[in-house]
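Here are my notes on this structure, point by point. Please read them with the model open.

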Amino acid sequence: MSSRRDPPDAVSSHALALVPLPLSISHALHDQQALPSLPTAVTRLLELARSPHAALSEYAAIIESDPALTLRLVALANSAFYAHSQRSVTSGHDAIVRLGLETTLAAALSFGLAKLACVSGLERIWRRAIVAAVAARYLAERLCPDDRHDVFTAALLQDIGMLALSALYPETVDALYSDDELSHAELALRERALLDTDHACVGAWLASQWGVPEALVVAIAQSHFAPLAPTPAEFCLQLSGLVADAWLAPEPIRALQGFLAYVASHRHEELAFDIPLETLLADIKTRLPPWAELMAITALSEHDNERLLSAAQQLLFQQSLSLQQRLHEKERELEAWQARSRLDALTGLASRAYLEEQLLEQFTLSKAEAAPLAIMFIDIDHFKALNDAYGHQLGDSVLQRFSEVLLSVLPEGAVAGRYGGEEFLVLFSYRRACELAPIAQTLIETLQHTAVAQVEEGELRLSVSIGIACSEDADFASPRELIDAADQSMYRIKRTGRGSVALFESPAS
Ligand SMILES: Nc1nc2c(ncn2[C@@H]2O[C@H](COP(=O)(O)OP(=O)(O)OP(=O)(O)O)[C@@H](O)[C@H]2O)c(=O)[nH]1
């Protein structure tokens, strides 16, 4: 949004091109004498604002020509929010100096519109506009400080179309407008169904007739669509509407959920928003009274504020509970998944992935501590033949039985796992190859005496070929090289008849 100001004709034509209204409605708007019109002083201020060289004294003169407006602006300038314990101001001129020109204009415009809303019996619309404007400015101060005045005014004006539609079609829209349950997005949808346009488009039309700057006309037109990639100013405007919906709804939770969902769905750098909801609502609450007073609307009661804050607390509590619950579920899922992925599904030994992870850890440790790390590579002999003769299912149960036997002969601390189909790997930290040889021998002998399955021909026994390698055997650069060394030793046994053990022999030795 920019504060660029075009001459009135250009404003109307450009803005209206953006906001096509059904012909019947634009004719009615043109013809209708009873349409809302601004107090003279406010119209003159808007005209003056389009002149680049207007002096402060000219603004002051217009404001002071309207005693009610002067009183309101002086009251706003002396309110706790703007006074900051400075001396009281007593004139329209001093009020402009303290409030700044943009705020003065926004306040004057709001005041004019507030009078219109009260006359047409739509005070509720106006209360929403005030909350939205204060919220929009609060958000813009944090996300796009340069746009804060325009965002404030756009939020304030976003619902002026409701005044016009209510003047034109009271039977059609007044029932809608008094429905506290409807959010403004829902309201805009209902209006579209009934009138083929919505109050945002009509509001933009009206604003352009009043000579409101073009950027604001466009912002009003877009105030109830949620652009896919909003600018920070559009983002603030959208959020301000949701805050206002929450403030006025009998059940604020739904609107607050909408607010949080909108924030979450636009969480990226430019729109990074880390003000806790409770803080935001409490801050907005302290800013509201001077504006409510300026607009001469019934102050938003303590009761409303309390209800809103307690809804926010309840919502955040529910959210953090369900978040925690989801986190716990995820943690449990993760733990279960990790446990599953560490185990080989068939044998219950370590999986290959876990073996590799452990080997890397132990290999690194053995290097750091210059301590030995020995591994044993075991391959069941003629397993293909066993599968072919007795079937895969029996092969599976043999692998399970073999794993039990393997575990029964291993010392404590050894990590045993299935490396591939009928290949197994065992890791022994702080042990040398010579210490593993007797363990391997025990395994071979135990298998010679253990039936791993019962088949037609009698008991089935297994023979295995085992290769052993130790980190001290050579200057192994990686765990992979250590495994290859053990694998090579095992293959020496395969080539020379199977059913035995071989220690790695370094080519250098
Ligand atoms: N039942 C079963 N068989 C498997 C599994 N994984 C791999 N195999 C089989 O194991 C066999 C391995 O065969 P080879 O690599 O030729 O080895 P081998 O028959 O033991 O011969 P050598 O190693 O030379 O003694 C193949 O037939 C694979 O299908 C498994 O999980 N279950």
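1. I start with one residue and its surroundings. Beyond four places in sequence, Ala135 is in contact with Ser240, Val243, Ala244 and Ile284. Ala135 also belongs to the largest nonpolar core, which has 82 residues. Together with Ala136, Ile220, Cys236 and Val243, Ala135 touches the most other members of that core. Helix H9 (residues 123–143) is the main contributor, giving 14 residues.

2. A separate core should be noted too. This other core holds 47 residues, including Phe363, Ile378, Ile380 and Val452.

3. Next, confidence. The model is predicted. The mean pLDDT of the protein is 80, and 79% of its residues reach 70 or more. Strand S1 (residues 373–380) has the highest confidence, at a mean of 98. Helix H1 (residues 8–18) has the lowest, at 41. Across residues 1–17 the pLDDT stays below 50, and this stretch has 31 contacts in the model beyond near neighbours in sequence. The model scores are ipTM 0.98 and pTM 0.50.

4. Now the overall make-up. The protein has 24 helices and seven strands. Of its 509 residues, 40% are buried. Among contacts with a separation of 6 or more, 69% join residues 24 or more positions apart.

5. Is S1 mostly covered or mostly open? S1 is mostly covered, with eight of its eight residues buried. In a regular strand, side chains alternate between the two faces of the sheet. For S1, one side carries Leu373, Ile375, Phe377 and Asp379, and the other carries Ala374, Met376, Ile378 and Ile380. Both faces are covered. Two of these residues, Ile378 and Ile380, are among the members of the 47-residue core.

6. The pairing of S1 comes next. Seven bridges join S1 to strand S3 (residues 423–429), and the two run antiparallel. Another pairing links S1 to strand S6 (residues 464–470), again antiparallel and with seven bridges. Ala374 shows both pairings. In S3, Ala374 stands opposite Phe428. In S6, the bridge partner of Ala374 is Cys470.

7. On to the ligand. Which residues come nearest to the ligand? They are Asp381, Phe383, Lys384, Gly395 and Gly421, out of 16 residues around the ligand. S1, helix H21 (383–390) and helix H22 (392–409) each supply at least two residues of this shell. By type, the shell divides into five nonpolar, five polar and six charged residues.

8. Thr446 sits in helix H23 (residues 433–448). Why does Thr446 count as partly exposed? Thr446 has 14 C-beta neighbours inside 10 Å, so it counts as partly exposed. Its contacts beyond four places in sequence are with Val405 and Val409. The C-alpha atoms of Thr446 and Leu406 are separated by 9.0 Å, although these residues are 40 residues apart along the chain.

Note on methods: Residues are numbered from 1 along each chain as its sequence is written. pLDDT is the predictor's confidence in each residue, from 0 to 100. Helices (H or I, at least four residues) and strands (E, at least two) are DSSP runs, numbered from the N terminus. Two residues are in contact if their C-beta atoms, placed from the backbone, lie within 7 Å. A residue is buried if 20 or more other C-beta atoms lie within 10 Å of its own, exposed if 12 or fewer, and partly exposed in between; C-beta atoms are placed from the backbone. A nonpolar core is a set of buried Ala, Val, Leu, Ile, Met, Phe, Trp, Tyr and Cys residues joined through C-beta atoms within 7 Å. A residue is near a molecule or strand if its C-beta atom, placed from the backbone, lies within 6 Å of it. Ala, Val, Leu, Ile, Met, Phe, Trp, Tyr, Cys and Pro count as nonpolar, Asp, Glu, Lys and Arg as charged, and the others, Gly among them, as polar. Two strands pair if DSSP finds at least two bridges between them.
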